[in-house]
Amino acid sequence: MKSTHTTPRAVQLAETLDVQAVERELSRLWMENAGGAGASDEEGALMRARVLNLLVYVATNEALEEVNELLSHVTSAHPCRAIVMVAEREAEDVDIEMLVSSYCQSEGGGKERNLCGEQVTLRARGRFSVELPSAAEPLLVPDLPVFLWWRDRPRLNDEVFRKLGHASDRVVFDSADFLEPYRDLLALSALLQKERAAHTGLSDLNWARLTSWRGLLAGFYDVREYRTRLENVDRVRIEYVAPEHKPHEIAPKALILAGWLASRLGWRAAAGQSAEGEAGARTMQVERQGRAITLEFRSVERREAMHGWIARVELLAGADAPSAFVVARSEDGRYLETQVLTGDERVASRLLVGGDKTEPELLGRELEILGHDRIYEEAVHAAALLLEALEGKQKQVGLNPQINTG
Amino acid sequence: MTSPTETFENPLRAGVRLERAAEPCIVTIFGATGDLTRRKLVPALYSLMQQRLLPAEFAILGFSKPEMSDEQFRALLREAFVEYGDKETFDEALWESFAGSLFYMSGDFADAEAFKALGSRLEELDGERGTEGNRIFYFSTAPRFFGLISEQLGEAGLSQGKGWTRVIVEKPFGHDLESARQLNTELAAVFHEEQVYRIDHYLGKETVQNLLVFRFANSIFEPLWNRQYIDHVQITNAEAIGVEGRGAYYEEAGVVRDMIQNHVFQVTSLIAMEPPASLSANGVRDEKIKAMQAVRPIPLKGVDEFAVRGQYGAGYVLGEKVPGYREETGVSPASSTETFAALKLYFDNWRWAGVPFYIRSGKRLPKRVTEIAIQFKEVPHRLFTDTDEPLEPNVLVIRIQPNEGITLRFGAKLPGQMMRIRWVNMDFRYGSSFGVHTPEAYERLLLDCILGDSTLYARRDMTERGWEIVTPILEAWKQSATAFPNYDAGTWGPKAAFELMERDGRRWRRL
């Protein structure tokens with residue numbers, strides 16, 4: 001499938017935002033794309049397709065260029081009206097300018113139909129940045145779901161983030177971009193707790209990247225014989241590549257993965273039990289019904305592009321029935337290998353495609369979902385409690401609200 | 001507090017968005033060296049594995065006559081995989097890992113000892129691969145072996161195991177009503193109906209599944225979906241290709257056996273059925289068979305009123321000169337096999353009384369298209385009688401291939417002083433709105449079978465009902481000769497097909 005993007009065209013604005021001017025400009029663009037009003041026969045016709053509104057927030061012109069490129073991939077599966085906002089907050093004040101453009105997909109050359117979507121770009125500098133939500137909202141196509149893709153460092157308490165979030169059905173962000181992983185993860189957990197009943201759902205691309213890990217780990221215990229071994233797990237080792245910012249902190253992805261295990265399996269953090277292990281490893285104790293489980297986070301070296309990635313996860317059970325369930329990423333990141341070992345015997349292993357999904361693929365998946373992801377919310381909450389225990393600020397609290405109340 | 005692992009549920013599975021995860025199992029393929037295995041089945045299973053939809057505790061065991069080692073079998077499949085798959089993305093390391101789950105044993109279907117050996121091999125593999133005794137037996141052989149293999153499996157005690165056991169039966173399912181019944185009886189002697197999965201790859205197509213969503217997830221169509229508003233239904237299943245080297249097979253089959261009694265009737269039943277109470281396998285299939293049971297029997301003496309047959313002569317298709325059917329390899333020069341058929345069916349029930357369903361299917365038609373057109377009744381009173389153009393009816397078209405989608409045709413006023421009406425199409429294109437990748441039919445169907453969901457497989461009663469409906473047609477045609485060829489390749493079938501509708505004051509859509 002081939003994608004073409006028209007050159008963005010500026011819309012002249014009066015003093016206040018003129019929605020009609022934008023719509024008029026888009027209509028004119030459509031007429032031109034269609035080759036004039038007469039070009040509407042069966043084969044050559046354009047289809048203006050929109051299944052959702054996509055609000056995109058970026059903070060720089062470079063990010064805008066990247067987003068324009070990425071959007072052409074996303075919109076082939078999710079034709080939409082994209083409203084891209086560029087907020088250069090530190091720049092000198094310049095009022096909002098608006099550009100419209102369209103993008104078309106054609107399945108090869110010639111006579112196939114073109115499927116087209118449209119994009120409105122809003123650019124603001126300095127103090128005018130805070131006006132972006134009020135400029136974007138009137139441009140939403142009525143009655144279609146609204147997604148916000150916050151493609152910048154998540155600013156969970158920021159006014160623009162909050163306003164855009166409230167206008168959206170779902171907010172997509174990436175916790176891999178956390179500037180202060182520990183602080184931001186705790187803030188995220190607090191936000192999720194506060195917004196539990198809110199209409200807007202949150203999507204974390206970092207969580208989406210964990211989907212295959214979770215799937216593979218869960219897959220071990222789809223086998224009835226192995227399921228009972230889950231009860232005996234006494235050590236979990238998570239190897240991760242240090243995050244780009246704050247490399248001495250545990251990568252958010254590793255913490256969220258541990259939080260997921262803890263929330264699903266009803267583990268509680270045991271107070272004052274964290275320790276620095278050898279060679280950059282951090283260990284902590286959790287417990288379930290009096291049984292202790294050691295959680296170990298270990299930072300490993302990989303190439304630069306893999307900052308914050310998970311490298312290996314092991315669920316180990318010792319004593320009576322020794323077993324190991326392992327998912328490991330190959331050093332070059334291309335493969336994921338799963339292994340089951342019982343005693344000294346390797347029972348099953350296999351190699352699967354390993355690279356993370358691309359950003360447009362991840363985003364595309366998130367655009368299929370509306371509403372809250374409770375499993376994620378519980379995983380983040382549990383991750384925050386683990387983190388507090390690691391940092392020694394923790395009260396003894398259950399990690400899975402459902403299991404504790406049930 | 002109960003422990004999360006005491007229950008049968010896997011506590012880690014909740015919310016993992018990998019859709020559906022399969023249980024460990026071994027898929028035994030009979031006819032493992034054949035084309036279907038190499039081109040479709042193994043690539044589909046590989047793809048499911050890479051999508052993480054299959055567990056590591058999984059194995060494929062090929063069973064065929066030629067002597068071959070596991071290694072030779074793997075090499076054979078690898079070759080086909082590279083040839084028919086995407087060469088660019090082929091990855092040796094991934095293939096090697098997958099090939100570790102491929103095994104082979106040679107055996108004759110008539111040899112009871114071979115099936116005993118098969119039993120032992122499966123148990124061995126259960127131990128090595130952790131497959132928990134769950135088994136699928138895939139009959140990918142010539143249909144004449146289906147009964148025999150089934151019997152041998154029963155004799156060898158392989159019809160039930162310590163896990164679940166399922167069989168997948170490839171098409172064609174019988175040659176006529178009697179042989180279909182016999183095959184069903186042979187299968188039923190060994191397996192319960194819930195264990196039998198009769199494949200109809202048409203049902204694995206995304207758009208066919210979308211028919212259920214279209215009809216039963218939207219409230220605006222269902223009130224119109226009956227004799228009050230619908231004038232008639234047209235179902236077209238056209239292929240531009242000829243018999244493509246399968247002349248010998250096609251000589252025995254013909255389009256009624258090859259396409260209509262199975263694929264086309266499956267689609268027809270989805271249009272005609274009542275809303276099911278649930279999406280369970282039997283919930284849907286009960287309603288489908290109920291609809292097909294309402295099809296009015298075609299009288300043996302009056303077949304010509306309801307059915308038309310055709311056979312193509314030489315002609316031009318898509319700008320190329322092509323030979324006639326009788327000149328194809330493996331085809332008799334005096335062949336009386338039909339390559340085209342058009343039928344008129346009535347459903348004698350409340351919903352459809354008096355609404356004809358016209359069905360046409362054929363080879364070497366001008367283009368490849370499968371669609372269902374629901375033609376609505378004319379408006380009850382002609383308000384715009386002074387316009388020159390006749391009023392056209394509203395049509396709802398559901399296209400299954402190519403360009404899967406839905407089109408609604410309605411009238412709109414032409415801009416200007418005059419009251420003139422132009423008919424416009426409102427289009428929804430399935431592929432365009434929801435991305436490009438839709439799973440291969442075989443992937444979907446194999447996964448469904450592993451998961452124990454037989455909704456998209458044909459049930460015994462449906463296979464027999466399909467044959468019951470077409471039996472008088474096949475009988476009558478056998479008894480009387482007709483002048484073949486009677487349509488040129490690249491045209492929409494014989495004149496009689498047009499007359500079938502014109503007699504009723506209707507016409508086929510121009511496609």
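Which residues in H9(A) meet which residues in H11(A)? Leu255(A), Ile256(A), Ala258(A), Gly259(A), Trp260(A), Ala262(A) and Ser263(A) in H9(A) meet Glu378(A), Ala379(A), Val380(A), Ala382(A), Ala383(A), Leu386(A) and Leu387(A) in H11(A). Two residues are in contact if their C-beta atoms, placed from the backbone, lie within 7 Å. The residues of this contact divide into 11 nonpolar, 2 polar and 1 charged. Here Ala, Val, Leu, Ile, Met, Phe, Trp, Tyr, Cys and Pro count as nonpolar, Asp, Glu, Lys and Arg as charged, and the others, Gly among them, as polar.

The structure is a predicted model, in which local features need pLDDT of at least 70 and side-chain atom pairs count only at pLDDT 80 or more, while totals for chains, interfaces and linings use all residues. Residues are numbered from 1 along each chain as its sequence is written, and chains are lettered from A and ligands numbered from 1 in the order in which they are written.

Helix H9 of chain A covers residues 252-265 and packs against H11(A) at an angle of about 105 degrees, with the axes 7 Å apart. Axes are lines fitted to C-alpha atoms, for helices over the stretch in contact, and angles run from 0 to 180 degrees between N-to-C directions. The two helices, H9(A) and H11(A), are therefore roughly perpendicular to each other; angles under 35 degrees count as roughly parallel, over 145 as roughly antiparallel, 65 to 115 as roughly perpendicular and the rest as oblique.

The largest nonpolar core has 236 residues, of which Leu55(A), Ala383(A) and Leu386(A) touch the most other members. Helix H11 (residues 374-390) of chain A supplies the largest share of this core, 11 residues. A nonpolar core is a set of buried Ala, Val, Leu, Ile, Met, Phe, Trp, Tyr and Cys residues joined through C-beta atoms within 7 Å. A residue is buried if 20 or more other C-beta atoms, placed from the backbone, lie within 10 Å of its own, exposed if 12 or fewer, and partly exposed in between. Neighbours within four places in sequence aside, the contacts of Leu55(A) include Ile83(A), Phe147(A) and Trp149(A).

**The two chains**

Helices (H or I, at least four residues) and strands (E, at least two) are DSSP runs, numbered from the N terminus.

The C-alpha trace of chain B spans about 80 × 65 × 45 Å along its principal axes.

**Local features of chain B**

Ala44(B) lies in helix H1 (residues 35-50) of chain B and counts as buried, because 20 C-beta neighbours lie inside 10 Å. Its C-alpha atom is separated by 9.3 Å from that of Leu447(B), 403 residues apart along the chain.

Most residues other than glycine have a negative phi, and most peptide bonds are trans. Glu132(B), however, has a positive phi of about 60 degrees, and Leu318(B) has a positive phi of about 50 degrees. Glu132(B) counts as buried, with 20 C-beta neighbours inside 10 Å, whereas Leu318(B), with 11, counts as exposed. A cis peptide bond joins Lys171(B) and Pro172(B), with omega about 0 degrees. The bond from Phe484(B) to Pro485(B) is cis, with omega near -10 degrees.
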